Amino acid sequence: MTDDLRPELAALQQRLANTSDAERGQAAQKRHAKGYRTARENLDHLVDPGSFTEYGQLAVAAQRSRREYEELQTATAADGIITGTATINAASVGADNANAVVIVNDYTVLAGTQGFFHHRKLDRACELAHSLNLPVVMYTEGGGGRPGDTDVTTQIGGLNVTSFSAWAKLAGKVPRIAVNNGYCFAGNAALFGCADITIATRSSWIGMAGPAMIEGGGLGQYAPTEIGPAPTQERNGVIDVLAEDEAHATDIAKYLLSYFQGPVSYWECAPQESLRDAIPEDRRWGYPVRRIIETLADTGSFIELQRIYGRSVITGFLRIEGQPIGLLANDCQQLGGAVDAEASDKAARFLRLCEAFGLPVLSLTDTPGFMVGPASEEQAAVRRMSNLFLAGAALTVPVVGIFLRKGYGLGAMAMVGGSFVEPVYAAAWPTGEFGGMGLEGAVRLGFKKELEAEQDPVAREALFEQLVARMYEIGKATETASHLEIDAVIDPADTRATIARALASAAKVAR
């Protein structure tokens, strides 16, 4: 490097340097004082080293008429949004599969608000994702629309921007992962909520309006920390994965993106023999199904979405022999595994995500069926549970159904795509039991007269247990398989290999 650079090149280098953390030291220090990272620090962590190509780095806020241009170059660097292309996870999924579009809203620029050129850059990034068929990772921190861009004199409300529709139109075409830390209000929250997968730190507040808009609407005064705190948004399903901080959130984003990028060559797994004793001998006892999932999956590959929303159904991703798979599983420790309205919404959304991006589905089923009763109907159960059948009917990706224990009624059918004939392979463990409804309910309904005729409560209970045992013998897994309602009953230790073979066969047919 020589000191006698041509003036125009030296000027360019200075302009680019003005957007760096080094030149914007005070802004970086404010972030660090809060325990946060700068936008470019998050960017550097996300992308593979040396792979980022930036678009629109020289943009500044459309405020030349009210502020000095040199000040705008640093104070409004890149107009508050870093956009470009890069590779992510190239070392594990291969360079050809690792290309992505990256969008990072920069809160140090005018509180991450969305201005005229900010929107232009966002639109350009969405166009690239669409035309190049690339997944997108977006950091969404920011305060929504910006009223102070005085250079723009050809619009009134500014509602003819295309950013939100451009982002939404990517749904089903490319995977979109949103990451948030800090305040995310109004337009930024709309971007977050439109994503396929949402990740937020514990220090996140996400709402469709910030304090100023709420107060302006006559709805009272609220601190920003009172609006959409992360624990609330996790409980209601807005946040798919809750992270500890920005570094953790970025790691999660990279890991989740990898499932849409394809298989990995290196994997290992736990010994499978422990699965033989995973289900309690007493069929009335619960068990930790996540332990089964983690045993079946490639070691460390299972990641869960919406863990505390719709808790009776688990959704997430795992790998088996390096292949990415979407997972549905009933959690018998929540509502006995019954599929309630929230869980139905959650599962249907997840199935649509897997279908959109070609991920096969593994269903680990242990359910007494859909949740019933007046309280369930007050949650619009009919409509919301039916959505799970609609999502299942739309699947073209292969489904493998493994019945760990209970497979009863409409809920069990919905868990495997809508019918026991929908999976490319449907197998049960020896602990499997099946019927049109739960055994206890079937006995109480089908043998009501016999039970009522028995006056002695002890004798009545004994008769009830006898009838349940008889129903269990009729509906146990081996009998169900002998009537060809499922394809097989398998040794639990063979489950992983069975899934891998079934999906390999389905993949050959798809080709």
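## The seven-stranded sheet

Seven strands form an open sheet with mixed pairing, in the order β1-β2-β3-β4-β5-β6-β7. From one strand to the next, the twist averages 20°. Strands are DSSP runs of E with at least two residues, helices are DSSP runs of H or I with at least four residues, and both are numbered from the N terminus. Two strands are taken to pair if DSSP finds at least two bridges between them.

The model is predicted: local features need pLDDT of at least 70, side-chain atom pairs count only at pLDDT 80 or more, and totals for chains, interfaces and linings use all residues. Residues are numbered from 1 along each chain as its sequence is written, and side-chain values use heavy atoms, with hydrogens and water left out.

## Strand β3 and its neighbours

Strand β3 (residues 99-105) is largely enclosed by the rest of the structure, because 6 of its 7 residues are buried. Buried here means under 20% relative accessible area, exposed means over 50%, and partly exposed lies in between (1.4 Å probe, protein chains only). Strand β2 (residues 81-87) runs antiparallel to β3 and is joined to β3 by 7 bridges; in this pairing, Thr-87 has Asn-99 of β3 as its bridge partner.

With strand β4 (residues 136-139), β3 pairs in the parallel sense over 4 bridges, and Val-104 stands opposite Tyr-139 in β4. A crossover is right-handed if, with the strands pointing away from the viewer, the path from the first strand over the helix to the second runs clockwise.

## Elsewhere in the sheet

Strands β5 (residues 176-185) and β6 (residues 197-207) are paired in the parallel sense by 8 bridges, with Ala-178 opposite Thr-198 in β6. Helix α3 (residues 39-46) lies across β1, β2, β3 and β4, at about 165° to β3. Axes are lines fitted to C-alpha atoms, for helices over the stretch in contact, and angles run from 0 to 180 degrees between N-to-C directions.

## Pocket and cavities

Rolling a probe the size of a water molecule over the atoms shows where empty space is left. On a 1 Å grid over the protein atoms alone, a cavity is a set of points where a 1.4 Å probe fits but cannot get out, while a pocket is an open set with protein on both sides within 12 Å along at least five of seven lines; lining residues have an atom within 4 Å of a point. Grid points are joined across faces, edges and corners, and a volume is the space filled by probe spheres set on the points.

The largest pocket holds about 700 Å³ of space. Its lining consists of 30 residues, of which Gln-114, Gly-145, Arg-146, Gly-157 and Gly-158 lie nearest its centre. Helix α6 gives the most to this lining, with 4 residues.

There are 2 cavities of 30 Å³ or more, and the largest cavity has a volume of about 120 Å³. The largest cavity is lined by 18 residues, with Arg-31, Asn-42, Tyr-139, Glu-141 and Glu-246 nearest its centre. Elements giving two or more residues to its lining are α3, β3, β5 and α11 (246-261); the largest share, 3 residues, comes from β5.

## Strand β10 and its neighbours

Strand β10 (residues 323-330) is mostly covered, with 7 of its 8 residues buried. Strand β9 (residues 313-320) pairs with β10 in the antiparallel sense over 8 bridges, and Val-313 has Asn-330 of β10 as its bridge partner. The hairpin of β9 and β10 has 2 residues between the strands, and Glu-321 takes a positive phi near 55° there.

Strand β11 (residues 361-367) runs parallel to β10, joined by 4 bridges, and Leu-328 stands opposite Ser-363 in β11. Together with helix α13 (residues 341-356), β10 and β11 make a right-handed β-α-β unit.

## The chain as a whole

The chain has 21 helices and 15 strands, and 52% of its 511 residues count as buried. Its C-alpha trace spans about 95 × 55 × 40 Å along its principal axes.

Technical notes. Contact means heavy atoms within 4.5 Å.
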